[in-house]
Amino acid sequence: MTAHLKLNRLSVHRGRHILYDELFHDGVNIIHGDNGSGKSTIADFIYFALGGDLREWRKEAALADYVLAEVTAGKAVLTLKREISDTGGRPVQIFFGTYENAVTADLRTWETFPYRRPETGYSFSQVLFNAIGIPEAISDGVSNITMHQLLRVLYSDQLTPIQRIFRVESFDTWQTRQAVGDLLCGLGGYDLYALQLFVRDLEKEYNDVSTRLKSLIAVASSHGDGVLIENISAAVTNTVARRNTLHGEMLQLLERANDAVFSSEADQLVKRQRRDLAEAKSRAAALYDQIETLEFEITDAEQFIDHLREAVDEFDDASSTFFALGAVRFEFCPSCFAPLASAHVHDEENCHLCGTTTAAGHDETRALAVKLDLEMQINESVHLQTERERLVANLKAQLRTANATLKTALASSELGRRSAASRFENVLADVSRKIGYLDREIEQLQQRGALAEQIGRLAEEKSVLNARISEMKDRISATETSQKRRKAIAFTAIADKMKYLLSRDLAEHSDFGEVDAITFDFAGDWIAINGDKNRVGSASGMVVLKNSFLLSMFMASLSDEKFNLPRFMLMDNIEDKGMVQERSWNFQRLIVEASNDATVKNQIIFSTSKIAPELADTQYVVGRKYTKASRTLRILSANS
């Protein structure tokens, strides 16, 4: 599936007032107006509506309440709504259908998707990526590759330094820039980026385990060989045998105590032991019931998840069949089998059976919504299943402890039942003290054993982490090798098209000279001519260089379906930094030529105050010409 995104309509609202409302079309879209008439404001609204994170608004734009945008994403038609705010990370409301249907629809038919990827469900970037045809980030670690990150390249604004490829933002990392560039150029999605983040996390975990292991070994060193698990096991076995011998002696003493009479102290001991036994039984039974219930829920949920996954697979097959063969036409009623009257118009815009009119892209949009709902149910069910399994493991650990406590309580109760106070109390007390001493010794040995087991477990974990780090680094190396061929193809295509564009720059204004080689680096955020980064002398030349690079990426995506760049570009700085109008006109003609020569659908939106004469008042222009007296936004007063 070729990645594709198109803006169909944009409207800006303040309460019941519509500040801006225009239709956009395939190919070139020109926003034309004088300097200071609000063209950049509209570009910012487009960027924000499509998922860009914008916090600082121009004075006029800050008066708006929300923005609506109808887009064609892949084959689906979606309407996006986003509230204007100076706080970042705003969610997006999505209506799976056209703008006209969205503005009259029940609010409950809209779905709200957060900016950041939630534990369950989808972020709006995931929904748009799915619809556009851009590979989705499977790992949580790479979930920060969002529509905002892609638009940092696709939107060329006036505030970003002209020597930068990416729109500037705080907390930017070279890994993120590289991942976005690789993704747009079709270099294998998120594979390399995910592996790099995974290794970083593994190394952090490895260092943490090493520190904990070192601390435990320091504690264990005071015990010498006594911390070896085989020595501890032998000592526990020997001590338990001694305790059992003393326990047998006590039982023999009690059997001879026929004349024993309960003392007050002994009576209290028996009562306490009976109460402890009852509590231990209740605790163990409750844990067993909880585990049994959860295990039943896990089995039932697993079957439900399998059913949902089968439903998604069957849905994909059915959807593919439907779009390949078209809608089924019934000659007989599917309910009563009576012949159907030919009452409805037989065309693609009306349902053959009920006559309902459907808009273009309606089937694809509805299919996307149903598929996303199924996948969301799967994600939520899997998350709940993980929580159940974690809880079962925790309860089983508690049950083992409860059973040990119950066993001790049973033994103590049996002993207490027989240990009525008698003339043998002193003897029994002495034997009991010895048993208590051995119990404490066994407990200490078990604690030492737990320490030894923890050391062994951490040592094994450290070894496993080390092996995984080595494996991931090997995979990074293999991934980089496998991507070299695709990278060479994509980067060469961009460089060749950029050479062509620079050769078409007006000779009398060109700063470039002889261009032998063009190189660029997404991670480093730079472009170079003949090995020199940003070597152009004039500011207007830098503008041409920056926009030629972006247009080259756009052109390369039009002739190579492996690019994930969604055949969309938004430019708001093509004549920045004092560029003369003839040079701007020339670049505008190159944009129109590139878009019109393409064999695939595309959309490129740019703003200009110096429109080429042959482009003015044509189908390329969106809306009217804007002036300072008649700006893009219709309401400017804060009291309006």
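The model described here is predicted. Helix 11 is largely enclosed by the rest of the structure, because 19 of its 21 residues are buried. The largest nonpolar core has 114 residues, and helix 11 supplies the largest share of this core, with twelve residues.

- Apart from residues up to four places away in sequence, Ser 538 touches Asp 511 and Arg 583.
- Ser 538 and Ser 510 are 28 residues apart along the chain, and their C-alpha atoms are separated by 9.3 Å.

- Three strands make up an open sheet in the order 9-10-11, and their pairing is antiparallel.
- Strand 9 (518-521) and strand 11 are the edge strands, each of which pairs on one side only.
- Strand 10 (residues 526-529) and strand 11 run antiparallel and are joined by two bridges.
- Ile 529 has Asp 532, in strand 11, as its bridge partner.

**Helices**

- Helix 11 covers residues 539-559 and reaches 31 Å from its first C-alpha to its last, which is close to the 30 Å expected at 1.5 Å a residue.
- Helix 4 (residues 147-154) is mostly covered, with eight of its eight residues buried.

**Nonpolar cores**

- Within the core of 114 residues, those with the most contacts are Leu 10, Phe 45, Ile 46, Leu 78, Phe 549 and Leu 551.
- A second core of 13 residues is separate, and among its members are Val 392, Ala 402, Leu 406 and Ala 409.
- When neighbours within four places in sequence are set aside, Ile 46 is in contact with Leu 7, Leu 10, Phe 24, Phe 568, Leu 570 and Ile 605.

**Aromatic pairs and the aromatic cluster**

- Eleven aromatic pairs are present in the structure.
- One of these pairs joins Phe 48 and Trp 57 in an edge-to-face arrangement, at 4.9 Å centre to centre and with 80° between the planes.
- Both Phe 48 and Trp 57 are buried.
- Phe 520 and Phe 522 also form an edge-to-face pair, with 5.7 Å from centre to centre and 75° between the planes.
- Phe 520 counts as buried because its relative accessibility is 8%, under the 20% limit.
- Phe 522 is likewise buried, with a relative accessible area of 3%.
- Phe 520 and Phe 522 belong to one aromatic cluster together with Phe 166, Phe 491 and Phe 549.
- Phe 549 is also among the residues with the most contacts inside the largest nonpolar core.

**Charges over aromatic rings**

- The charged end of Arg 82 sits over the ring of Phe 48, at 4.3 Å from its centre.
- Phe 48 thus takes part in two of the arrangements listed here, namely the contact with Arg 82 and the aromatic pair with Trp 57.
- Lys 81 lies over the face of Tyr 66, 4.4 Å from the ring centre.

How values were computed: Residues are numbered from 1 along each chain as its sequence is written. This is a predicted model: local features need pLDDT of at least 70, side-chain atom pairs count only at pLDDT 80 or more; totals for chains, interfaces and linings use all residues. Side-chain values use heavy atoms; hydrogens and water are left out. Helices (H or I, at least four residues) and strands (E, at least two) are DSSP runs, numbered from the N terminus. The expected span of a helix is 1.5 Å times one less than its number of residues. Buried means under 20% relative accessible area, exposed over 50%, partly exposed in between (1.4 Å probe, protein chains only). A nonpolar core is a set of buried Ala, Val, Leu, Ile, Met, Phe, Trp, Tyr and Cys residues joined through side-chain atoms within 4.5 Å. Contact means heavy atoms within 4.5 Å. Rings of Phe, Tyr and Trp (its six-membered ring) pair if their centres lie within 6.5 Å; planes under 30 degrees apart count as stacked, over 60 as edge-to-face and the rest as tilted. A charge sits over a ring if NZ of Lys or CZ of Arg is within 6 Å of the ring centre and within 35 degrees of the ring normal. Two strands pair if DSSP finds at least two bridges between them.
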